[in-house]
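Subject: Structure handover

Hello,

Here is the structure I promised to pass on. Please open it first, then read the notes below it.

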Amino acid sequence: MHTVNAYAAPSATGDLIPTTIERRDVGPHDVLIDIKFAGICHSDIHTVRGDWGPQSYPLAPGHEIAGVVAEVGSAVTRHRVGDRVGVGCMVNSCGECANCQAGEEQFCLAGNTGTYGAVDRDGTITQGGYSTHVVVTEGFVLRIPDGLDLDVAAPLLCAGITTYSPLRHWGAGPGRNVAVVGLGGLGHMAVKLAHAMGATVTVLSQSLKKQEDGLR
Ligand SMILES: [Zn+2]
Ligand SMILES: [Zn+2]
């Protein structure tokens, strides 16, 4: 185990404060990531406040993690020290059920393991990216392309995939119309992604206050 610095909530009502948390030793299939940036997602707030069920504390949230590989386990093949990588909302799954075998680990029949506040497959409670380091099994560590800065890559790991997935699923592209309700944290991602996919994009909003932002 390694003790690392983190920001964590001491209780459902307390502020996040500087503290330390434990990270497991790097196992054969694990990657140790030196975290450079972690996006802030509203799910982080819901979870630490206990809005979605009781939690164990201290709890460090953060599931939009971007950083650099600092160490790899002996059996790791996908990543090397120095790689620029990211971790999103999940850090583990059974790996054996039909959905995992199909690459749909988010639908793992045994339940996927959330990046924080979840019971991992070794029985420990996961802790998120508001910390200096994290140890994640290599299958849940994503490569970040060189052309993408780590700070802007981080929010893609939750807000980005949340909008990218349905756009891909429903075939957004040339000749298709996409309407996005609200130009917020996820909405602006959806606008940029759908536009990049070649779709005709419309923003639906209660006012024209964000018209310029939307067009830009
Ligand atoms: Zn999120
Ligand atoms: Zn599974």
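This is a predicted model: local features need pLDDT of at least 70, side-chain atom pairs count only at pLDDT 80 or more; totals for chains, interfaces and linings use all residues.

A residue counts as buried when its relative accessible area is under 20%, and as exposed when that area is over 50%.

**Overall layout**

The protein chain is divided into domain 1, residues 2-150, and domain 2, residues 161-215. The C-alpha centres of domain 1 and domain 2 lie 28 Å apart.

**Zinc ion (ligand 1)**

Which residues hold this zinc ion (ligand 1) as protein donors? They are Cys-41 through SG, His-63 through NE2 and Cys-158 through SG. These donors lie 2.0 to 2.2 Å from the zinc ion. Along the chain they follow the spacing C-x21-H-x94-C. Cys-41 sits in the loop between strand S3 (30-38) and helix H1 (42-48). His-63 sits in the loop between H1 and strand S4 (65-72). The pair therefore ties together parts that are 22 residues apart in sequence.

Now apply the cut-off. Cys-41 has a relative accessible area of 13%, and the limit for buried is under 20%, so Cys-41 is buried. His-63 has a relative accessibility of 8%, so His-63 counts as buried too.

**Zinc ion (ligand 2)**

The protein donors here are the SG atoms of Cys-94, Cys-97, Cys-100 and Cys-108. They lie 2.3 to 2.4 Å from the zinc ion (ligand 2). What is the geometry of the site of the zinc ion (ligand 2)? The site is tetrahedral, with angles of 102 to 120° among its 4 donor atoms. The donor residues are spaced C-x2-C-x2-C-x7-C in sequence.

Are these cysteines buried or exposed? Cys-94 and Cys-97 are both buried. For Cys-97 the relative accessible area is 12%. Cys-100 is buried as well, at 7%.

What about disulfides? A search of the whole structure finds 0 of them.

**A strand pair and its crossover**

Strand S10 (residues 177-181) and strand S11 (residues 200-204) run parallel. How many bridges join S10 to S11? There are 5 bridges. The chain gets from S10 to S11 through helix H5 (residues 187-196). This β-α-β crossover is right-handed. Within the strand pair, Asn-177 stands opposite Thr-200 in S11.

Best wishes

Conventions. Residues are numbered from 1 along each chain as its sequence is written. Chains are lettered from A and ligands numbered from 1 in the order in which they are written. Side-chain values use heavy atoms; hydrogens and water are left out. A disulfide is a pair of cysteine sulfur atoms within 2.5 Å. Buried means under 20% relative accessible area, exposed over 50%, partly exposed in between (1.4 Å probe, protein chains only). Two strands pair if DSSP finds at least two bridges between them. Helices (H or I, at least four residues) and strands (E, at least two) are DSSP runs, numbered from the N terminus. A crossover is right-handed if, with the strands pointing away from the viewer, the path from the first strand over the helix to the second runs clockwise. Donors are N, O and S atoms within 2.8 Å of the metal (3.2 Å for Na, K and Ca); water is not among the atoms, so sites may look incomplete. Domain bounds come from an automatic or database domain assignment. Four donors count as tetrahedral if all angles lie between 85 and 135 degrees; four count as square planar and six as octahedral if opposite donors are over 155 degrees apart and all others between 65 and 115; anything else is irregular.
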